[in-house]
Amino acid sequence: MYLRASKSLSRITAIANRCSPAVVKRRDYSDNVDCAKRGLVVGVYIDDSGNNVKLTPAADQINQESGGTILKALKIGKELIKKGKSRLFFNTNNKYGAIAVVGIGKEELGDKDYGDGIDAKKENIRIATANGCRSLVDCGIQDIFVSCMGDSESVAEGSTLGTWKFQEYKSKKDIIPKISLLEDASSDGWNRGIIKSNAQNWSRKLTESASNHMTPIIFSKEVQEVLGKHGVNVIVRDKCWAEEKKMGGLLNVAKGSIQPLSFLEINYSGGPINDRPIVLVGKGVTFDSGGISIKPSAAMGEMRADMMGAANVVAAISAIAELKLPVNVIGLTPLCENMPSSSALKPGDVIVAMNGKSIQVDNTDAEGRLILADALCYAATFKPKITIDLATLTGAMMVAIGGAATGVFSSSDRSWAAIESAGYYTGDRMWRFPLWNYYSSLLKGYSGFDLDNIGKGKGGGACTAAAFLKEFAPPGDWIHMDIAGVMKSNGEDGLYISSGMSGKPTRALVQFISNLSEKN
């Protein structure tokens, strides 16, 4: 990533997401768990004033079983429960030692509630469920039931994402709760939510991992192990293969590190044999020091997550395989480190990409576009129906829109509308940026080489980076997603993803491909 100085029902979690909650479809109350250690999350509708409370069906049943004490308590005083917040009740019911009642917003939303780039009702349920589960966990509850609240998929996502913790290197790990669906209804939605959220948690695990524990080779081995259990074919390519393909971008970025490069070629064949594949390309810089154009030391450790594009790609394919979507998907992830050394790529060096275009490397911290250039060239050999690349590509994206959304560049209005719709559904905002020829012209016009990796202009760094990738994108529909802004969650906005690496927008990617498979 260029910064100027100034990743249950699935076996995935057992291997790569050891700190995820143990989420199951449904259990009855006849097990031997002590009721005092069992908790429940139910929702209530609440208006903006906080004064008008309406119980959901599950909350109403629990209130009746509890002698009406819950509703009475909720109506005492003003604003005692708010949207997204929880109230805890202890020993009011003989089935549960603790009950978290959560505010899920208004029952019927108006037009003004849907202008924030995401489905507000789904997002309200995710946030409320996450906070309800967390409040029970904080009280020592390890066995949690959640009611569907009218949307079991969103409930599954909130509970799975909201209770996940990265504690890979702790000698004494926190106890992980067991989470179950209360009702029998809508189990398909619950299952989808669990699968997609476990995939995102795997992406979070991969990106949170320390770079010395997640080198290109270690990343490749884990992907082979996890995806292999789903019957997905994973081929690990090496330096010799990259040399045969004349991948000058990947080879030159990688040469500054003692860690060998790796290039994953992943093949999921769920559709007809002659159906053209969707190709997903993910930037996989497992640590980005900036190279010779070294980054400032502050927060450089976060650059272990500069492979989030690759993590999202492999995580999305894991969910696609588990959901058994009837599509063909190819995943391509160039993996390397970007390090300064006597053998490292230097500012002013000229390299040649796989398609023969020469590139002057004006700044070695603009390395992601160099390795993606080769991967996009290779993607063209599969004749994709659509190509999507994901990368923590530019600090300029964070400057432009902060952490609010993924920046999207698309050669197709149709594809843009489809990815925006998928993000709206999953709570992953998308915002479209221009691919104008103006930005392309800033990279060209030099006498000694074809392209410069930074360009002539000042500002618009995310747009010039996208314009650079456009020079290498396969024919047909193409989407570039700059995920630098959403790489990290600050944990301060009350959402269901705690502070740390976010894994966004893994679920939106899965949803996009799921929608595409339904249309086909």
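Begin by selecting Phe 468 and Phe 472, both of which are buried. The model on screen is a predicted one.

Keep these two residues displayed and examine their rings. A pair of aromatic rings is described by the distance of the centres and the angle of the planes.

Lys 357 lies over the face of Phe 472, at 5.8 Å from the ring centre.

For a second example of a charge over a ring, select Lys 456 and Tyr 446. Here the charged end of Lys 456 is placed over the ring of Tyr 446, at 5.1 Å from the ring centre.

Now move to Trp 241, Phe 263, Tyr 378 and Phe 382, which ring pairs join into a cluster.

The last stop is a pocket. Rolling a probe the size of a water molecule over the atoms shows where empty space is left. The second largest pocket holds about 280 Å³ of space. To centre the view, select Arg 134, Val 137, Asp 138, Thr 163 and Lys 165, which lie nearest the pocket's centre among its 15 lining residues. Then colour helix H4 (residues 120-138), which supplies the largest share of the lining, three residues. Coloured by class, the lining shows six nonpolar, five polar and four charged residues.

Conventions:
Residues numbered from 1 in each chain as written. Predicted model: local features only at pLDDT ≥ 70, side-chain atom pairs only at ≥ 80, totals over all residues. Heavy atoms only, no water. Buried < 20%, exposed > 50% of the residue type's maximum accessible area, 1.4 Å probe, protein only. Phe/Tyr/Trp six-rings, centres within 6.5 Å; stacked < 30°, edge-to-face > 60°. Lys NZ or Arg CZ within 6 Å of the ring centre and 35° of its normal. 1 Å grid on protein atoms, 1.4 Å probe; cavity = no way out; pocket = protein on both sides within 12 Å on 5 of 7 lines; lining within 4 Å. Points joined across faces, edges and corners; volume = space filled by probe spheres on them. Helix = DSSP H or I, 4+ residues; strand = E, 2+ residues; numbered from the N terminus. Nonpolar A, V, L, I, M, F, W, Y, C, P; charged D, E, K, R; others polar.
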